[in-house]
Amino acid sequence: MLTDRSVGLLLAVVVSATACHAERPGQASSPQGAEAAQAQHVQEVVAAGGVVDSILPIPVQLERFRADLAERPDTLRHASASREALVTRWTRAVAANDTAALNAMVLDQAEFAWLYYPDSRMSLPPYEAPPQLLWGQILESSNAGARALLNTFGGKPLAVGSLRCPTSAIAEGRNLLYERCTVRLRSAGTTLPENVYFGTIVERDHRFKFLGYANNL
């Protein structure tokens, strides 16, 4: 089971977007339901985080959010070369109860602030979720997702049976978002039901990390 300290290191998020693409798409796809889902997510963020300061424009809020960060990354750090490689790392980390390895596979606060948030639909009208509010929701969601993940599978033999992503991806700037990929896991000779075991996979410059560990457990 995670300690309070290790839970704080793990990140998870529920970000509404389109489903993921089995191959790298040439252009973004945007099903009509995505905007409604994203609007609902903003409402949930606001409900969880309190009052939004609508006086300050998003660029000012982002500048303030970045002010205390010591680093300005220009790439996803500790990333994998493919979705498959990332998910394989994930299974090994879960099986080993290795929270440090799990933490290395998700976007950290600096990556969120400099590489993800500026191009996110959530930062743009009509949503304009402030970065500090969205990041706070990421941390809150991480606790439930990470605890459920390691309480269910931590320390058990685990392998990927199959990885399946739906038929489209969202492109946000240089980022490609692969949403709600499902995995069929094998554990101790048993094949488990296909399920969503982690959150969105973010691809940037052919490097892959998880946005978080939100799941259906």
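**Exercise 1. Over the ring of which residue does the charged end of Arg-83 sit?**

Solution. The model is predicted, so local features need pLDDT of at least 70 and side-chain atom pairs count only at pLDDT 80 or more, whereas totals for chains, interfaces and linings use all residues. Residues are numbered from 1 along each chain as its sequence is written, and side-chain values use heavy atoms, with hydrogens and water left out.

Step 1. A charge sits over a ring if NZ of Lys or CZ of Arg is within 6 Å of the ring centre and within 35 degrees of the ring normal.
Step 2. The ring under the charged end of Arg-83 is that of Tyr-178, whose centre is 4.5 Å away.
Step 3. A second case is Arg-66, whose charged end sits over the ring of Trp-114 at 3.7 Å from the ring centre.

**Exercise 2. Find the buried residues of helix α3, and state where they lie around its axis.**

Solution. Step 1. Helices (H or I, at least four residues) and strands (E, at least two) are DSSP runs, numbered from the N terminus. Buried means under 20% relative accessible area, exposed means over 50%, and partly exposed lies in between (1.4 Å probe, protein chains only).
Step 2. In α3, which spans residues 58-66, the buried residues are Ile-58, Gln-61, Leu-62, Phe-65 and Arg-66. They cover an arc of only 135 degrees (taken from the directions from the helix axis to the C-beta atoms), and therefore lie on the same side of α3.
Step 3. The face turned away from that buried side carries the exposed residues Pro-59, Glu-63 and Arg-64.
Step 4. With contact defined as heavy atoms within 4.5 Å, the buried residues of α3 pack against α6 (109-116) and α7 (131-153).

**Exercise 3. How many salt bridges does a search of the whole structure find? Describe some of them.**

Solution. Step 1. A salt bridge is a side-chain nitrogen of Lys or Arg within 4 Å of a carboxyl oxygen of Asp or Glu, and the search finds seven.
Step 2. One of them joins the side chains of Arg-77 and Glu-111, at 3.7 Å from N to O. Arg-77 lies in the loop between α3 and α4 (83-95) while Glu-111 belongs to helix α6, so this pair ties together parts that are 34 residues apart in sequence. Glu-111 counts as buried, at 0% relative accessibility.
Step 3. Another joins Arg-174 and Asp-205, with 2.3 Å from N to O. Because Arg-174 is in the loop between β2 (170-172) and β3 (175-178), and Asp-205 in the loop between β6 (201-204) and β7 (207-210), the pair ties together parts that are 31 residues apart in sequence. Arg-174 is partly exposed at 48%, and Asp-205 is partly exposed at 38%.
Step 4. Arg-77 and Glu-111 also belong to a network of salt bridges that links them with Glu-71, Asp-108 and Lys-209.

**Exercise 4. How many aromatic pairs does a search of the whole structure find? Compare the geometry of two of them.**

Solution. Step 1. Rings of Phe, Tyr and Trp (its six-membered ring) pair if their centres lie within 6.5 Å; planes under 30 degrees apart count as stacked, over 60 as edge-to-face and the rest as tilted. The search finds 10 pairs.
Step 2. Phe-153 and Tyr-197 form an edge-to-face pair, with 5.6 Å centre to centre and 75 degrees between the planes. This pair links distant parts of the chain, since Phe-153 is in helix α7 and Tyr-197 in the loop between β5 and β6, 44 residues apart.
Step 3. Tyr-178 and Phe-208 form a tilted pair, with 6.3 Å centre to centre and 35 degrees between the planes. Tyr-178 lies in strand β3 and Phe-208 in strand β7, so the pair ties together parts that are 30 residues apart in sequence. Both of these residues are buried.

**Exercise 5. Which residues touch the most other members of the largest nonpolar core?**

Solution. Step 1. A nonpolar core is a set of buried Ala, Val, Leu, Ile, Met, Phe, Trp, Tyr and Cys residues joined through side-chain atoms within 4.5 Å.
Step 2. The largest core has 26 residues, of which Trp-90, Phe-198 and Phe-210 touch the most other members. Its largest share, five residues, comes from α4.
Step 3. Leaving aside neighbours within four places in sequence, the contacts of Trp-90 include Leu-102, Met-105, Leu-149 and Leu-185.
Step 4. Apart from this core lies another, of 18 residues, among them Phe-65, Leu-115, Leu-134 and Trp-135.
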